[in-house]
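Let's take a friendly walk through a protein, starting with the whole and then looking at how some of its parts meet. Have a look at the picture before reading on.

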Amino acid sequence: MPMMPDTLPRILLVEDDPTSQSFLTAALRAMPAEVDAADTVASALALASSQTYSAWMIDARLPDGTGEQLLARLRERDARTPAIAHTAAHEPDVLEALLAAGFAEALVKPMPAAALQAALRRVLGESTVDAPAAELAVVHELPLWDDDAATLALNGNRTHVDTLRDLFVQELAKSVYAISTAAERGDLDSVRGDLHRLRASCGFVGAQRLAAAVQALQQDPASAARLGALEQIAQDTLADARVVPPSSRIPDPQSVTV
C-alpha cells in the first residue's frame, strides 16, 4: 500500500446533485484527498475566499450560474489553481467549450471513480513509473455494476436499465473483439472510435469496472497491458451476467456473426 503523504491535497468540489456529490466526494477522498463540497456558485465562492485549494472540480451547470462563470470568478482571485469540469453532456462542442473556458479537463458524468482520480492526478502533476500499474489495480477493485449510476442516467427508470443492460451484454463480446482486432492491426483510430462508443454504453448501464478499463485504454490506445485488462474485465462482466464466450478470447472469431 502506498504511503500517505504528510499533507493531503484539498479539493473544492462544486456539484448540486446530492447523489453525484456523494459519489464524487467518496471517489476523491479515496485517492486520498480532503474535499470541501459546495452546491452553488455563491457557496463555492465563499469557500474559495477562506481556503486555498489544490484543485477545483466544477459542475458545468449550477442552480445560480454556469461552471464557466464560476471559473472566471475564481480566476479573478487565483490564476494558477487547476480546474476540472464535469458535465452530463456528451456533445463534443460542449466539452470543447469547457476546455476553451480554461478547464484543464472536461469529464462526462456518470464516470468511474478511477477516471476521476486519474484526471485529478494529471492536473496535480502526480506521475510515477508505476502509475499505469497502480491505475489498473484500482480499476480491478471497482464493482462490476453501479446500479445507482445507471438508474440516475436513465431518469430513475429501473426497467429501462434492465432492458439496456440485456442489450449491452449481448453486444459486449463483439464490441471488445472489434477493439482487440483493430489494436492488433495497429488501427488506433478505429480503437478510439470503438472505445468512445463502448464508454457511452457503459455509462448508461452502470458497467463501472468496464468503463474504467475503457477510460484507461483511451489514455493509451497502444498499451497491451490496458487492452489485456479491458479484455479480462469484459470476460468478468459477461461471466457475472452468465454469458460466457466459448473461449478465453473475446470472442472466438468463429462465434462472431456479422
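A residue counts as buried when its relative accessible area is under 20%. Keep that in mind for this predicted model: buried residues make up 45% of the 258 residues in the protein. The protein exposes about 13000 Å² in total, and carbon and sulfur atoms supply 52% of that area.

What is the chain folded into? Its secondary structure comes to eleven helices and seven strands.

Now find helix H1 (residues 18-29) and helix H5 (residues 113-124), whose axes come within 9 Å and cross at roughly 60°. Because of that angle, H1 is oblique to H5. Their crossing is right-handed. Which residues do the touching? On the H1 side they are Phe23, Leu24, Ala27 and Leu28, and these meet Ala113, Leu116, Gln117 and Leu120 in H5. By class, this contact has seven nonpolar residues, one polar and no charged ones.

Next, move along to helix H9 (residues 188-205) and helix H10 (residues 208-219), which pack at an angle of about 155° with their axes 9 Å apart. An angle over 145 degrees counts as roughly antiparallel, so H9 is roughly antiparallel to H10. Here the crossing is left-handed. From H9, the residues Leu195, His196, Leu198, Arg199 and Cys202 meet Leu210, Ala211, Val214, Gln215, Leu217 and Gln218 in H10. The contact of H9 with H10 has seven nonpolar, three polar and one charged residues.

Terms used. Residues are numbered from 1 along each chain as its sequence is written. This is a predicted model: local features need pLDDT of at least 70, side-chain atom pairs count only at pLDDT 80 or more; totals for chains, interfaces and linings use all residues. Side-chain values use heavy atoms; hydrogens and water are left out. Axes are lines fitted to C-alpha atoms, for helices over the stretch in contact, and angles run from 0 to 180 degrees between N-to-C directions. Helices (H or I, at least four residues) and strands (E, at least two) are DSSP runs, numbered from the N terminus. Angles under 35 degrees count as roughly parallel, over 145 as roughly antiparallel, 65 to 115 as roughly perpendicular and the rest as oblique. A crossing is left-handed if the near helix is turned anticlockwise from the far one by less than a right angle, and right-handed if clockwise. Contact means heavy atoms within 4.5 Å. Ala, Val, Leu, Ile, Met, Phe, Trp, Tyr, Cys and Pro count as nonpolar, Asp, Glu, Lys and Arg as charged, and the others, Gly among them, as polar. Buried means under 20% relative accessible area, exposed over 50%, partly exposed in between (1.4 Å probe, protein chains only). Accessible areas come from the Shrake-Rupley method with a 1.4 Å probe; for residues, only the protein chains shown count as cover.
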